[in-house]
Structure formats: C-alpha cells, structure tokens
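Some notes for your review follow. Please keep the model open while reading.

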Amino acid sequence: MLTTEDRKCSIIIFGATGDLAKRKLYPSIYNLYKKGKLSNNFAIIGAARRPWTNEVFRENVANSIHDANMNVDDNELDEFLNHFHYLSFDVTNVASYQELNELLSQLEETFSIPGNRIFYMAMAPQFFGTIASQLKSEGVTNTSGWNRLIIEKPFGHNLESAQKLNDELREAFDESAIYRIDHYLGKEMVQNIEVIRFANAMFEPLWNNRYISNVQITSSELLGVEDRGGYYDQSGALRDMVQNHMLQMVALLAMEPPIRLTTDEVRSEKIKALRALRPLESTDVEKYFVRGQYGPGIINEENVNGYRQESNVDPQSSTETFVAGKLLIDNFRWAGVPFYIRTGKRMTGKSTKIVIQFKELPMNLYYKSDDEKHPNLLIIHIQPDEGISIVLNGKKIGLSEGTTPVKLDYCSDCPDSINTPEAYEKLLYDCIIGDGTNFTHWDEVALSWNFVDKISNVWESTPAGDFPNYESGSMGPKVSDKLLAEDGFHWWPVIDDSAYSI
Ligand code: NAD
C-alpha cells in the first residue's frame, strides 16, 4: 500500500534548460501540484550547462507554465516555484555530482523528503550512460529512500547500441527502477485500448481473426522536421516512430488479456505479442515495407520546402520521413490478419487513429449494390481528438431501400468536454507512485529493435532511388496504397471523418 511518505520526492531534471523540460515537464509538474497529486514535500532540481541562478530558473519555469496556457494562480505559482532550484552542471565532471548530492541532502532536509529521488534524463542520449554511472559512483543513488530513473527516447539507435546503453544503466539501476518513456503510453486513448478491448462484451469476443479482417494504425504529422533536422536525419521515421510508438500500439491491440492488472502481467502479455511478430527476412522488406521522403508542396496555401531543403539536413539525404508497413502476428488469435501501420511528416494533417475493420457477414441481403457494401469499423481516435467511433450499417431513411453507413461518435476530449491530462503529467505521476505499467520494459525495447533493424539494414544498404517520392500535404507515396490493395483493402480516411457518415 502506497503511503504519503512514498510520494515525497526530489526530481532532478538533467537538461533543465531544454525544449522538453520547458514545453512538457514544467507544465506537467505544475498541474500535478495544482491537483494535489504532489505532496508539499517535494523539490525540483534543474541541472544544465548554463550558469543560471535559482531566480533565473524560476522565471523560466514560470514563463513555460504561462506559455502552456494554463489556468495560473500567481500566489500558488510563487509557492510552487519555491521548490525549484538550479544547479549549473557538467555531466562529465565528477565534482558536479558531488554538488548535486549536497544540494539534494540540503533540500531533503528543508522539505522533509525521505531520500526518494527521481532522475529525469531530458538531454542528449549520448549522456545517459555517463550520468547513470556517475550517479552511482558518486553516491547520489545511495540514499535511504528509493531511486528511479526516467529516460527519454531514443533508447539506442539499433539493438546493439540499445543493449550497450541498457547495460550501462543497469550497472546503476535495477530494471524495476528504470522508467523508459514512450509518451504515447501516457495518452488517454492509448491507455483506453485495453479497457475498450477487455471491458466490453461487444468487442472482446470478436477481437480475433474470425471477425477482424485488418487493423490500420496511422500517425500522421502536418509539420516537417522543423529545427530537429540534425537529429532526424540520423534517425528517420522508422527509428523515431515505428520502433517505439507504433509497435507499442500494435502490442496493446494484439496482446492477450492480462490475468491481473499489475505491471509485470501487462508487460508480459505485450512482450508475448511482440515475440509473435513475424520476423522479416531481408528479401521480404521491399514487399512488406514502404519508405518515403517528402518533397516540396503546398500546406495551408503556403509553399513549403522539401525535406532535403530543410536546415541541418543533407541535400542528398536518403532518410525516410514516411514509413508504411504490413505486420503479421503469428499466433492463434491473429494468424492471417494484417496489421498495417503508417507514419510520416508533412502529411495532409495531424492525426493518430486506429481503425479496426471487421469482416463482412457471410450473407447480407440488404445491400442493393456493391457500392453500398460497408464493413463495420471501430475507430479509436488517439490525437488530436480523443474518443471512439463505431461505423455500422443502417437502413436508408425513408422509402428508399438499401443500407447506408451510420457513424456513432463518442468524443472524450472535445471542445465541450473535459480536457484530458497531458501524457507527461500522467507518466510523471506513475513514476512518483512507482507504477511502471505504462513504461517500456527492456524486453519490449529489444524485441522492437530486433524487428526494426532488419528493415533499416536493408534500407541503408540500398538507398531509395526515387526520393523525394511524396508531396508535402499528401498522405504519403502512392506505393503505400499498394500494400493494402494487394490484400483487397484500402486505407480508411483519418483526416476527414465525414467519409463515413450519412
Ligand atoms: P535540448 O537540446 O533542447 O536540451 C538539451 C539540454 O541538455 C539543455 O538543457 C542543455 O543545457 C543540456 N545539456 C546538453 N549538454 C550538456 C552537458 N554537457 N552538461 C550539462 N547539460 C547539458 O533537447 P530536448 O529537445 O529538450 O531533448 C532532450 C531529450 O529528450 C533528448 O533525448 C530528446 O531526444 C528527448 N525528447 C525530446 C522531445 C521534445 O519534445 N523536445 C520529445 C521526445 C524526446
């Protein structure tokens, strides 16, 4: 049973002056504070290179909270900011860790914190290993309370580098103390996948290859690489999106019901689903996966650059900004059901959606023509809107005969309903209470890299000759449609839902 004592903690943010801290972490911590989810006994230490004072740091935190358009009470904010302290920090210098330890001991006394410490790695991944090992060697993890490490993506660049990073982290932290962030797992509707599946008698009995014909997962972005060209050109959509977010959604959709809702049981089912992914041989890659790179185009009536013209991108770059693929899951439940995934930048709009397409009934006398044929769909809207839709067949209204698709919508985060908390807010809270369920276990990371490495190895040895192969503002290269057409399917619209309604 969790006690209030267990929730009292210090959070050390490495990379406190960076973009992630500013845009996501400070507003999330403030929200937790406002909702009373943080006890008053907490301290935040911002560690980064700049020689800031506590005052400058607090001013920056306050600005980031104001910029997040939150409902801010100024008195409450001042009280909140008193918990924030800054440490000018050099990750490679042993003395920095000693200073950190001293500051932590001091703040733990001031705020009566029983030595519980969260170390949040919000800086470039090449430092993750060094920080973890120095935290241990300089005794910063040697406290009377618990120690937890939150680590951002990317977790390695391939299986080999991920394994190396993991070995370094494991020298200082147990697997159960490592919280690998995949912020999709903090999203309301991603967490809802399990509930929709396992808490509804109208879905769970149908959730298999007898009734489902295919599953489609799309995560499209309208934006290009913006100012992340340097990072992205070394990464690409496969590593940036598929290895983590897309495969995590596949695992949640495909897993068996857990026997208990504990971290270990849920993770073990996800791991089994990932183990059942049919491995790709090098010769299969071209058949099952499609890559794309955006060229120039028009978005919101403005001309936009192609990927190769973006700053910090190689003008001859072969990095993919779009991936579509067909995955097969070789187990009893899913044999024969393709899971199609696609993700990309500079597409028609920003949208993450899952469409479950059900099989046709063996006989349907009510269709008056082939045009009327419409399968049942369950659509899970992950972002920007959150909710579910079900597409059914209904009778055409009035005297006319035949059927028409009817769409039933449930929207959980619409303008007229409550805003759901940010993913980071939920994940930070989970870490504070020691719940690792919505973080990725090392086995999931390893299995995902193992799958993705096969594809990147082939792509790296045979650069795409046709890049750029899709226009900015489109839904990706035409060949991605072929992936489905060969199986007799097509991508369901994800940007404009009106296609389904009467
Ligand atoms: P950033 O470049 O904006 O910030 C980097 C931070 O690290 C700065 O505070 C900088 O002072 C600090 N830093 C760098 N070198 C240092 C050193 N030698 N000693 C001490 N401090 C040093 O980066 P970011 O966008 O905030 O990303 C941080 C991490 O989060 C990265 O791993 C990134 O991949 C990951 N991430 C970021 C986002 C995002 O939205 N920004 C999303 C997902 C994951």
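1. Ligand shell. The shell around the ligand holds 19 residues, and Thr17, Asp19, Leu20, Arg23 and Met123 come nearest. A residue is near a molecule or strand if one of its heavy atoms lies within 4 Å of it. By class, the shell has 11 nonpolar, 3 polar and 5 charged residues. Here Ala, Val, Leu, Ile, Met, Phe, Trp, Tyr, Cys and Pro count as nonpolar, Asp, Glu, Lys and Arg as charged, and the others, Gly among them, as polar. Helix α2 (residues 19-34) gives the most to this shell, with 3 residues. Helices (H or I, at least four residues) and strands (E, at least two) are DSSP runs, numbered from the N terminus.

2. Basis. This is a predicted model: local features need pLDDT of at least 70, side-chain atom pairs count only at pLDDT 80 or more, and totals for chains, interfaces and linings use all residues. Residues are numbered from 1 along each chain as its sequence is written, and side-chain values use heavy atoms, with hydrogens and water left out.

3. A polar side-chain atom of threonine 17 lies 2.5 Å from a ligand oxygen atom. A backbone N or O atom of methionine 123 is 3.0 Å from an oxygen atom of the ligand. For phenylalanine 89, a polar backbone atom lies 3.4 Å from a ligand nitrogen atom. The ligand has 830 Å² of accessible area on its own, and the protein covers 78% of that (Shrake-Rupley method, 1.4 Å probe).

4. Second largest pocket. Its volume is about 350 Å³. A pocket, on a 1 Å grid over the protein atoms alone, is an open set of points with protein on both sides within 12 Å along at least five of seven lines; a cavity is a set where a 1.4 Å probe fits but cannot get out; lining residues have an atom within 4 Å of a point. Grid points are joined across faces, edges and corners, and a volume is the space filled by probe spheres set on the points. The pocket lining has 21 residues, with Leu206, Phe358, Lys359, Leu361 and Asn376 nearest the centre. β14 (377-383) and β15 (386-395) each supply at least two lining residues. The largest share, 3 residues, is from β15. The lining divides into 13 nonpolar, 5 polar and 3 charged residues.

5. Cavities. How many cavities of 30 Å³ or more does the whole structure have? The search finds 2. The largest cavity holds about 140 Å³ of space. Its lining counts 15 residues, and Phe155, Gln243, Asn244, Thr440 and Val445 lie nearest its centre. α9 (229-254) gives the most to this lining, with 4 residues. By class, the lining has 5 nonpolar, 6 polar and 4 charged residues. The second largest cavity has a volume of about 30 Å³. Among its lining residues are Leu185, Glu194 and Lys270.

6. Backbone checks. Most residues other than glycine have a negative phi, and most peptide bonds are trans. A cis peptide bond joins lysine 153 and proline 154, with omega about 0°. Proline 154 sits in the loop between β5 (147-151) and α7 (159-172). Another cis peptide bond joins phenylalanine 467 and proline 468, with omega about -5°. Glutamate 301 is not a glycine, yet has a positive phi of about 65°. Glutamate 301 is exposed, at 80% relative accessible area (buried means under 20%, exposed over 50%, partly exposed in between; 1.4 Å probe, protein chains only).

How values were computed
Polar contact = N/O pair within 3.5 Å; in protein donor to acceptor, adjacent residues only side chain to side chain.
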